[in-house]
Each structure stands twice: as C-alpha cells, then as structure tokens.
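Thanks for coming. I will take one protein chain today and go through it in a few steps, so please have a look at it first.

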Amino acid sequence: MRVTSVAIAAALTLVCVSTSLNGQRPDDQVDARSLQLLAQGKAAKAAGNLDGATDLLETALAVDPRNREAFVVLAETADARGLPGKAIRLYREALSLEPNDVAALQGQGEALVAKGAVTLAKANLAKIRTLCKTSCPQATQLAAVIAKGPPITTASAQTKTATAKE
C-alpha cells in the first residue's frame, strides 16, 4: 500500500514535468509579434520618436521577455534620453539572456563610463577583447570612450573652477 502511493505520486510528477517541457519554445525562438513590435520600435527610434519607441519596445518585451534585441534597443533609447542608469539595467537584462552579446557589452560599458564606473567598463572591454579574438569595432569604440573618460557634471565643474580660483 505504501509503495503504490509513492509510485503513483512519482508517475504523476513525471507526467507533469514532461508535458510542461514539451509545451515550451526553445530559448532562441522569439515570438513573431515581439519581433514585429521591435521593428516598429526601431523605426520610431530612427525617426526621433523616443517616447513611441520606448512604448513599442516595452510592449515587445511584454509579449516575449526573451527578446534580447529589444532590451538592447530599449537601452540605447534610454541612453539617448540621458538615462545611463536605466540603460545599464537594460543591458544587464540582455546580458542575462546572452552573456556573450558584444553589442550589449559595448553599450553597457559606454553607459558605465557615463555614470563614472570606468573600472567596470574596463572589465567589459576585456571581455569583448576575449570574445573577438581579432580586433573588432566594438572594442575600439569602447576603448575610445574609456580613454575619453566620464563626462564632467555641473557640480564637479563648479568645484574645479572654485579650486582653480583659490
């Protein structure tokens, strides 16, 4: 009697797990509606409509949260709006789906430099160079941004001018 109930429970568990695995799509297969919304979002971003692009890209991610390219374009849109912190978070989401995405690593590195986290940006540059084997434009562009350094903010510019006057 005891063995029968355990065997039935194990059989039910096996049936439930196997049917749920059969119903899932592979990770590399993104929903077509999400890809269509991504294309519309890219077009809106290219036209300069950042609000419309953000709405379309967020909808694309609501339809299929595995759309890595939507995370990257949304991060680029956030960066264009002057929101590097949000861009860093969105690039991190894209990198959680594909850790070796060179474009996401480059974008995140540039956003990190904009926030002043040059050391973390250098880590991204090292990873890009490891992935590229040969020289690639993403590594060159990120190296140039790192060499330029973070932008001078208004408060730090005022501190430098006050120090120079003394």
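What you see is a predicted model. The protein chain has nine helices and zero strands. Read from the N terminus, the order of elements is α-α-α-α-α-α-α-α-α. The chain has 166 residues, and 30% of them count as buried. It exposes about 10,400 Å², with carbon and sulfur atoms supplying 59% of that area. Now take the contacts in the chain with a separation of 6 or more: 49% of these are between residues 24 or more positions apart.

Now helix 7. This helix covers residues 118-132, which is 15 residues. From its first C-alpha to its last it reaches 21 Å, close to the 21 Å expected at 1.5 Å a residue. Which residues of helix 7 are buried? They are Ala121, Asn124, Leu125, Ile128 and Cys132. These residues lie on the same side of helix 7, because they cover an arc of only 105° around the axis. What covers them includes helix 6, residues 102-115, and helix 8, residues 137-148. On the face turned away from the buried side, helix 7 carries the exposed residues Thr119, Leu120 and Thr130.

Next, the charged pairs. How many salt bridges are there? The count comes to six. I will go through some of them.

One joins the side chains of glutamate 76 and lysine 45, at 3.4 Å from N to O. Glutamate 76 sits in helix 4, residues 68-80, and lysine 45 in helix 2, residues 32-46, so this pair ties together parts that are 31 residues apart in sequence. Glutamate 76 counts as partly exposed, because its relative accessibility is 33%. Lysine 45 also counts as partly exposed, at 26%.

Another salt bridge is formed by arginine 81 and aspartate 51, whose closest N and O atoms are 1.8 Å apart. Arginine 81 is in the loop between helix 4 and helix 5, the latter being residues 84-97, while aspartate 51 is in helix 3, residues 50-63; the pair therefore ties together parts 30 residues apart in sequence. Arginine 81 has 34% relative accessibility and counts as partly exposed. Aspartate 51, with a relative accessible area of 48%, is partly exposed.

The last pair I will show is arginine 68 with aspartate 101, a salt bridge with its closest N and O atoms 2.8 Å apart. This pair links distant parts of the chain, 33 residues apart: arginine 68 is in helix 4, and aspartate 101 is in the loop between helix 5 and helix 6. Aspartate 101 counts as buried, because its relative accessibility is 10% and the cut-off for buried is under 20%.

Technical notes: Residues numbered from 1 in each chain as written. Predicted model: local features only at pLDDT ≥ 70, side-chain atom pairs only at ≥ 80, totals over all residues. Heavy atoms only, no water. Helix = DSSP H or I, 4+ residues; strand = E, 2+ residues; numbered from the N terminus. Buried < 20%, exposed > 50% of the residue type's maximum accessible area, 1.4 Å probe, protein only. Contact = heavy atoms within 4.5 Å. Areas by Shrake-Rupley, 256 points an atom, 1.4 Å probe, with all protein chains shown as cover. Expected span 1.5 Å × (residues − 1). Arc of directions from axis to C-beta. Salt bridge = Lys/Arg side-chain N within 4 Å of Asp/Glu carboxyl O.
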